[in-house]
Amino acid sequence: MNETDKQRGMEIEDRFAHFLEQQNQSWPLSASNYRGLAKVEEKSFSIGGWTLKVQFNPERIRSSAAKVDAGSIAARKCFLCRENRPPEQLELETGGEFLILVNPYPIFRHHFTITSLRHTDQRILANLATLLSLAREMEGYTLFYNGPECGASAPDHLHFQAGEKGFMPVDTAFERLKWEDGALLMESATTKIWAFDTYLRKMISLETSDAESGVCFMKRILETLGSMQPEKAEPMINLLCSWSAGKWILHLFPRKLHRPSYYFAEGEAQLLISPASVDLGGVFITPRREDFEKITSADILDIFDQIGLEEDKMEHLKQAIRNDGAKK
Ligand SMILES: [Zn+2]
C-alpha cells in the first residue's frame, strides 16, 4: 500500500469513526453500550493453527434470540424503517439507496448497520454490486450480509453491517490460507476463486480487481447454490466483503441450517448461539454467561458442521466454479 492509499484509508476510517463519536455524544444508550464493549469478555481457541474467538456479549440477546418467522416479523414494527427508529439515531448518507447507522448493540468497536431507504426484503443477488461499492467507500471495514434465514434479525428490510477489518480472524487468516491450503478453483485476468479444506467451515473466497467480473462470478455461484435449495427465497448464505489496495475480497459461507441443535436443546445441553457472518468469520457471540463458560472447541466445530452446506453439494459447487472458469 503506498502513502496516498494509506492516507485515503485513514481519512475514510476517520469519517466513520467521527460519525460514531458524534452518535455516542447524543445517544446515551449507544454510548453506554460502546463503553460496555471495553469490558466484554473474550476467550479464544486455536484449532489446527486457526484462531476462533468467543465473545460474551449480553446485549446481543436481541439478535441471537430474535424471532424471525413470518408471523413474528409481521407482528412487530420494523426497527430499520425510519418512522420506527429511535429519534436519537443519526443517519450518515452514502449518496445512494442506503443509509449508515451506528449499531447501538455492538460486537465491533466500530459497528454500523447499512440500511436500505426502502422497506424491502433481505436479498443479495440484486444487491451484490452495491455491496462492493459500499465496501470500497468503507475501506478499513469488513461489510457483511446475513441471509434472511441465516442470522438477519430484519429479514424483511434489506441491510448490511460493517465492523473494523481485522477483528474477525478470517480477515487475517486469508493470506495464509491462500498459500497453505488454497485450492484455486478458477482464475481469470481479474478474479480468483478458492476453496479451503482445513479452515474448519465451508467457505468459498473470491478476490477481484474488477467489481463487474467479481459480481458476475459471485452471481453464478449463488445461482448454482440456489438450484440446490429451490424451496428457498434465496440460497442460505453469509457473505463478507472488504476492499483494499485495489482489490475486493469476498468470503462466502454456504449453509443448510439456520440454527444448530444446541439452540433448541434444553437445560445444560442448550447453547444459545444463532450463528451468522461474524461467527463464521471466527468470533462466536454468546449472550449468556453460562454458554460463554461452557462452550468448547468441539461444540464450535460441530456447529460449523451442522450449519454448513452438505459435503456432496459443496463438491458440486466447486466443480461448477471450475467449469465456469474453464469457459473463460
Ligand atoms: Zn423496514
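Hi everyone, let's begin with a helix: H11, residues 297-307, lies across strands S1, S2 and S13, running at about 75° to S1. Helices here (H or I, at least four residues) and strands (E, at least two) are DSSP runs, numbered from the N terminus. Angles run from 0 to 180 degrees between N-to-C directions, with axes as lines fitted to C-alpha atoms, for helices over the stretch in contact.

A word on what you are looking at. This is a predicted model, in which local features need pLDDT of at least 70 and side-chain atom pairs count only at pLDDT 80 or more, while totals for chains, interfaces and linings use all residues. Residues are numbered from 1 along each chain as its sequence is written.

Now, what lies under that helix? Strands S1, S2 and S13 form an open sheet in that order, with mixed pairing. Two strands pair if DSSP finds at least two bridges between them. S1 (41-47) and S13 (283-286) stand at the edges with a single partner strand each, so one side of each has no neighbour in the sheet. From one strand to the next, the twist averages 20°. S2, residues 50-56, runs parallel to S13, and 4 bridges join them.

Let's step back to the whole chain. There are 12 helices and 13 strands in the protein chain. Its C-alpha trace spans about 55 × 50 × 40 Å along the principal axes. For 328 residues, a compact globule would have a radius of gyration near 20 Å, and the chain agrees with its 19 Å. That radius is taken over C-alpha atoms, and the globule rule is 2.2 Å times the number of residues to the power 0.38.

How much of the chain is buried? Buried residues make up 40% of the 328. A residue is buried if 20 or more other C-beta atoms lie within 10 Å of its own, exposed if 12 or fewer, and partly exposed in between, with C-beta atoms placed from the backbone.

S5 pairs with S4 (residues 98-102) in the antiparallel sense over 5 bridges, and Leu 101 has Thr 113 as its bridge partner. S5 also pairs with S7 (residues 159-164), antiparallel over 5 bridges, and there Ile 114 is partnered by Phe 160.

For contrast, take Ser 32, which sits in helix H2, residues 28-37. Ser 32 is partly exposed, because 13 other C-beta atoms lie within 10 Å.

Last stop: two helices. H7 (residues 211-228) and H12 (residues 311-326) pack at about 145°, with their axes 10 Å apart. Which residues of H7 meet H12? Arg 220, Ile 221, Thr 224, Leu 225 and Met 228 in H7 meet Lys 313, Leu 317, Ala 320, Ile 321 and Asp 324 in H12. Contact means that the C-beta atoms of two residues, placed from the backbone, lie within 7 Å.
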